[in-house]
Structures are given as structure tokens and as C-alpha cells.
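Hi,

Here is the structure I promised to pass on. Have a look first, and then read on for what turned up in it.

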Amino acid sequence: MDRLLDLGTKETVLHASLPALVEVLEWIAAGIDLFAILLLVIGAARFMAGFIRAELRRDSGQRLRTSNRARLELGNYILAGLELFIVSDVIHTALSLAATDLIFLLLLVIIRSITSYFLDRELSELRRELGDDPR
């Protein structure tokens, strides 16, 4: 049981056979992680600016529409960031091939997929309210 739950880093066949490729893929995954974080930070900054603009509006209807547009934009940034994090996690798991990493990846993908699904539903509702939904 201890071996199954051993979270230490282990060398795989891929590490032994193609160490340069493993290193390149680790750098690529790190770059994807950084880009995803950057997307989230940009989305948060744009949301805060939009929210402040919305709060400065005198008309409550216009304030609500501006606030909802800011929420919609933030949601799009979050969805993009989550998708990039999933890509990075898949790369990391493919490099390790440890059972615990595969289970961890499965749980992460499930959690992130559920989060993405409900966030996408909420964004679709916001689009309908704003009249931006092409359906």
C-alpha cells in the first residue's frame, strides 16, 4: 500500500530514454501554466475595472448590464485558464506515468470539467440576458 501512495518523484522509461524530451516537455508545461495564470490575472484586472465602471453608473439598469458584461468577460478568461491548466496537467501526468498521478489527473479533470460546465451555463444565461446569445 505504501508503494501505491508513494508521492515521490520516480524515473520512468521516458526519463531514462529521452531525458532531453522530458525536460523540453516540462518547460512547455510550465510555460502553459504561466500563460494560464497570466490569463486569470488579466481577466481579474479587466473584471475589476469593469466592475468599478459599472458602479460609477447612475442608471441602475445600465449598471447591471455593465456589471454582467464584466462577469461574462471574467468567466471567459476563467474557462480559458482552466482549459490550459488541464493541458498542462495532462503533460505532467504523461511524463510521470505514476498511478497516483493518473488518479490525481482524473480527479482534477472531473472537478475542472464540472466547474467549466456550470460556469459555461451561467455565462450562457448572462449572454441571453444581455442579448448577446446568437441562438
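Arg-112 and Asp-89 join their side chains in a salt bridge, 2.3 Å from N to O; the term stands for a side-chain nitrogen of Lys or Arg within 4 Å of a carboxyl oxygen of Asp or Glu. This pair links distant parts of the chain, with Arg-112 in helix H4 and Asp-89 in helix H3, 23 residues apart. Helices here are DSSP runs of H or I with at least four residues, numbered from the N terminus. Both partners are buried, meaning under 20% relative accessible area, where over 50% is exposed and anything in between is partly exposed (1.4 Å probe, protein chains only).

Before going further, please note that this is a predicted model, in which local features need pLDDT of at least 70 and side-chain atom pairs count only at pLDDT 80 or more, while totals for chains, interfaces and linings use all residues. Residues are numbered from 1 along each chain as its sequence is written, and side-chain values use heavy atoms, leaving out hydrogens and water.

The structure has four salt bridges. Another one of them is between Arg-71 and Glu-122, at 2.4 Å from N to O. It also links distant parts of the chain: Arg-71 belongs to helix H3 and Glu-122 to helix H4, 51 residues apart. Arg-71 counts as partly exposed because its relative accessible area is 32%, and so does Glu-122, at 38%.

Beyond its neighbours within four places in sequence, Leu-126 is in contact with Asn-68, Arg-71 and Leu-72, contact being heavy atoms within 4.5 Å.

Two aromatic pairs turn up in the whole structure. In one, Tyr-117 and Phe-118 sit edge-to-face, 5.1 Å centre to centre with 80 degrees between the planes. For such a pair, the ring centres of Phe, Tyr or Trp (its six-membered ring) lie within 6.5 Å; planes under 30 degrees apart are stacked, over 60 edge-to-face, and the rest tilted. Tyr-117 is partly exposed because its relative accessibility is 48%; Phe-118, at 45%, is partly exposed as well.

Enjoy exploring!

Methods:
Helices (H or I, at least four residues) and strands (E, at least two) are DSSP runs, numbered from the N terminus.
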